Amino acid sequence: MTVSSHFSSHDLEFIDDDEFHEECGVVGVWTAQDAASLTALGLHALQHRGQEASGIVTYDGNNFHSHRGLGLVGEVFADPRVISALPGGVAIGHNRYATTGETQIRNVQPLYGDFEFGGFAVAHNGNLTNAQLLKQSLVRRGCLFQSSTDSEVFIHLIAISLYTNVIDRFIDALKQVQGAYSLVALSKDMLIAARDPLGVRPLILGKLPNGQEENSWVVASESCALSSMGADFVRDIEPGEVIIIDNNGVRSIHPFSGHTSSRFCIFEYVYFARPDSVIDNKSVYMARKKIGAELAKECHVDADVVVPVPDSGVPAAIGYAAASNIPFELGIIRSHYIGRTFIEPTDQIRHLGVKLKHATNRAVIEGKRVVLIDDSIVRGTTSKKIVEMVRAAGATEVHLRIASPPTKHSCFYGIDTPAQEKLLAYIHDTNEMCKLIGADSLGFVSSDGLYRALDEEKRDNQNPQYCDACFTGEYPISLTDHDMNLIKSK
Ligand code: SF4
């Protein structure tokens, strides 16, 4: 889909952060020397999935130990005394992204509870769509919630379960929740990993090689964590699968009957996952290049140079450049040293965010017709600023190409998105968006083009192969809290 515009740009609101945010990354280790250090290394590799807070829980055979803090993994675990105070051969860890105001230490995971069967810690990536309804009923039954995260319902559902053993209680809890979850949990006897029946969020199993104990396993949100942890990839954990790792090894159970097809989040391939990760046997990097090639086929424009909006637009731009025979150049340079300044809470700082983050490389832009490649448009504020910057650097034309279909719907499965009314593609058609952003033309890859890049013939409209609800509005899991008005829009 491509449109052109020769209108001048209009004002857009520049007050809010303009990116999708993955909400969490999880790691588990069973059993290894320095389990806490290994977990911290895994969390560091998953930093892109959450930058606001981090935590690790370990078990040393007698006691559980925990450290949770606000900030990047390298900040939370910077002091070697913190890791030293986390002894034990088994551990789970969590990175969290949270919107400003909700980043409180009580919300930082892993969550921990003392049960009649002993201690139990849980770390969750995803979002439950009936958490508020469950919470209302749990509070009525006397459960006292310590945090405002949806993940805490797991702790209470496990606590009140009438089953006696840990696994049955855990599965009892899973059967009551709706939504997306990739979980790691730790009891004194086992590490448990679980994916929701549709496998919306990723989760993989890895093995620690020689040098560690024979029965040494890791679980992580993405395979990119494995190289940091010195572990080998074993396999993706399947949708609806529960894996139990204990002193007898690894076993797998499938407690959900009737759920067979996966609805993995297609946006993990577009943007969220790290490009060196492999998900469901597909390299994220190669998938992004193929999306770029599809985009070039569908939205060709005569131009002199293809420029990615770094970092997430880079692989798609390489694919676009190769497929269109237009040279690829790094016309925008991203600073990696601004920390989290751009999401500081004042409007003024947010306004400065894009300029702090990106600078133009005039040498490859001046006098050129530029094709700019980005992964998505959320509110459009970033796109408008970047188009302005590229023009100011001397581009004669700026054509914006987006490596995903228009984002018209909010995500309720673990990605922080603005309310639908704030999504540019919900409010405006492509022609209007182009005009507001100030580009000479704007094009999005089609839904079928995106599916082709993922080795599908096209989107199967009867049984879509992925969750693509933020493009299509077809939500594969009930939005119970939303439909009952139990959650507030952002
Ligand atoms: S709604 Fe979009 S971002 Fe959310 S899980 Fe589905 S595809 Fe992913």
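**A predicted chain, its sheet and one buried glutamate**

User: How many helices and strands does the protein chain have?

Analyst: Both are DSSP runs numbered from the N terminus: helices are H or I with at least four residues, strands are E with at least two. Counted that way, the protein chain has 18 helices and 26 strands.

User: Which strands are at the edges of the seven-stranded open sheet?

Analyst: Two strands pair if DSSP finds at least two bridges between them. The order across this antiparallel sheet is β5-β4-β6-β3-β12-β11-β13. An edge strand pairs on one side only, and that describes β5 (64-70) and β13 (232-236).

User: Which residue in β6 stands opposite Gly25?

Analyst: Strand β3 (residues 24-30) and strand β6 (residues 90-96) run antiparallel, joined by six bridges. In general, strands of a sheet pair through backbone hydrogen bonds, either parallel or antiparallel. Opposite Gly25 you'll find Asn95.

User: Which residue in β13 is the bridge partner of Leu205?

Analyst: Strand β11 (residues 204-207) has four antiparallel bridges to β13, and it also pairs over four bridges with strand β12 (residues 217-220). On the β12 side, Leu205 stands opposite Val219. On the β13 side, the partner of Leu205 is Arg235.

User: At about what angle does helix α1 run to β6?

Analyst: Helix α1 (residues 35-45) lies across β3, β4 (53-59) and β6. Axes are lines fitted to C-alpha atoms, for helices over the stretch in contact (heavy atoms within 4.5 Å). Angles go from 0 to 180 degrees between N-to-C directions. Relative to β6, helix α1 runs at about 25°.

User: Is Glu294 buried or exposed?

Analyst: Glu294 is in helix α9 (residues 284-298). Leaving out residues up to four places away in sequence, Glu294 touches Val445, Gly449, Arg452 and Ala453. Its relative accessible area is 9%, so Glu294 is buried.

Key: Residues are numbered from 1 along each chain as its sequence is written. This is a predicted model: local features need pLDDT of at least 70, side-chain atom pairs count only at pLDDT 80 or more; totals for chains, interfaces and linings use all residues. Side-chain values use heavy atoms; hydrogens and water are left out. Buried means under 20% relative accessible area, exposed over 50%, partly exposed in between (1.4 Å probe, protein chains only).
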